[in-house]
Amino acid sequence: MLVFTFCVAGIYACFLTWGVVQERVSTTPYGDSDAPEKFRFFIFLNLIQSLIAAIVSFIYIKASGRHLNITSSPRSLFVKYAQVAFTNCIGSPFGYAALKHIDYPTMILGKSCKLIPVMLMNLIVYRRKFPLYKYVCVGLITLGVSMFMLYHPVEGNKKAAAANSLWGLFLLGTNLAIDGLTNATQDQIFHDFGQQVSGQHMMFFMNAIGSLYSTAFLVLNPYNDELSQAIRFCQTHPAVIRDVLLFGLCGAIGQCFIFYTLQQYGSLRLVTVTVTRKLFTMLLSVFWFNHRLTLGQWVGVALVFTAIGIEAYIKKLESARLKKVFKQSEKDQGLADIQKPSEKVE
């Protein structure tokens, strides 16, 4: 439990910082006040982040005395790496495109339901089954986080003007389905190749192959000149380079915690952490800055903590049962050794 708490703290710390830097990169006007420009090259930004994450994971693997296992790993594993890197790359554009047709609160509300597509993809694609309490906890957490976001008061002048079109909702659903497939495939890789794959191996190959995909898109796509524009922007406004590199580094360190959590605890537990991060962040601001929550938000908080409490209680019961079985097994083995007749030496 202590290790999991450390992972949660690492994910929260890194991605809260990552979120602040991301907002600064995407909203800060660079250049003179007379003609400011904003950084709008998100595929290039994702490419830089994946390159930095691949480098950080490579250093992590080498520092821990392990190898990439390129020659000893089966080809089917690299096919899975390529598949999960591809779905990871194509998911974000659907999310960005959805924002053009739906408002931001709807986007956040949809993201809060991410546990459902992760579970569905595990069930449909990989035929994995979960205990009944997992379904109950997923339902409670999804309902709780959704209520927390839905009942969050929004100031009139901050309400988005975009209409929630069916096309926007379709794009959002596609984004969630692709994310769910990515998480489910990661679970399947650890299940099938657990002896050869660690979280850091997954992190390296996903980001390295994802970098190749992004580079190919930026270089080979004749209808996209984002790469040259991004390079020109960095040359014109060198200050953005520091922010982009800091964005990539925060994301890379956060991924170290994410992939370790994914390896040790599975995608459902990981997505539970990432989905509830915004809720706990807003709760912290409530107690720190004396903000007020609506009744609906408090009900949402209660549902989330109820789900967390149910899972913790059942995990504790399972742990106690396993310890009891293990002790009984040791006791039976000891009795068998005592009752075993001594062999005669001729």
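Colleague: Where does Arg242 lie?
Modeller: Arg242 lies in helix H10. Helices here are DSSP runs of H or I with at least four residues, strands are runs of E with at least two, and both are numbered from the N terminus. The model is a predicted one, in which local features need pLDDT of at least 70, side-chain atom pairs count only at pLDDT 80 or more, and totals for chains, interfaces and linings use all residues. Residues are numbered from 1 along each chain as its sequence is written, and side-chain values use heavy atoms, with hydrogens and water left out.

Colleague: Is Arg242 buried or exposed?
Modeller: Arg242 is exposed, its relative accessible area being 56%. Buried means under 20% relative accessible area, exposed means over 50%, and partly exposed is in between, with a 1.4 Å probe and protein chains only.

Colleague: How far apart are Arg242 and Val25 in sequence and in space?
Modeller: In sequence they are 217 residues apart, while their C-alpha atoms are 9.7 Å apart in space.

Colleague: Which residue forms a salt bridge with Arg242?
Modeller: Asp243 does, with the closest N and O atoms 3.4 Å apart. The term requires a side-chain nitrogen of Lys or Arg within 4 Å of a carboxyl oxygen of Asp or Glu. In general, side chains of opposite charge can pair when their charged atoms come close.

Colleague: How many salt bridges does that rule give?
Modeller: The count comes to 2 salt bridges. Arg24 also forms a salt bridge with Asp243, where the closest N and O atoms are 3.1 Å apart. Because Arg24 belongs to helix H1 (residues 2-27) and Asp243 to helix H10 (residues 239-265), this pair ties together parts that are 219 residues apart in sequence.

Colleague: And how accessible are Arg24 and Asp243?
Modeller: Arg24 is partly exposed at a relative accessible area of 35%, whereas Asp243 is buried at 2%. Through shared partners, the salt bridges join Arg24, Arg242 and Asp243 into one network.

Colleague: Let us turn to helix packing. At what angle do H8 and H10 cross?
Modeller: H8 and H10 cross at roughly 125°, and their axes come within 8 Å. The axes are lines fitted to C-alpha atoms, for helices over the stretch in contact, and the angles run from 0 to 180 degrees between N-to-C directions. H8 and H10 are therefore oblique to each other. Angles under 35 degrees count as roughly parallel, over 145 as roughly antiparallel, 65 to 115 as roughly perpendicular, and the rest as oblique.

Colleague: Is that crossing of H8 and H10 left-handed or right-handed?
Modeller: The crossing of H8 and H10 is right-handed. A crossing is left-handed if the near helix is turned anticlockwise from the far one by less than a right angle, and right-handed if clockwise.

Colleague: What about H2 and H8?
Modeller: The axes of H2 and helix H8 (residues 199-220) come within 8 Å and cross at roughly 150°. H2 and H8 are therefore roughly antiparallel to each other, and their crossing is left-handed.

Colleague: And how do H5 and H7 pack?
Modeller: H5 and helix H7 (residues 166-192) pack at about 55°, with their axes 8 Å apart. That angle makes H5 oblique to H7, and the crossing of H5 and H7 is right-handed.

Colleague: One backbone matter: what is phi of Asn69?
Modeller: Phi of Asn69 is near 60°, a positive value in a residue other than glycine. Asn69 lies in the loop between helix H2 (42-63) and helix H3 (75-98), and is partly exposed with a relative accessible area of 26%.

Colleague: Finally, how many helices and strands are there in the protein?
Modeller: The protein has 12 helices and 0 strands. Of its 346 residues, 42% count as buried.
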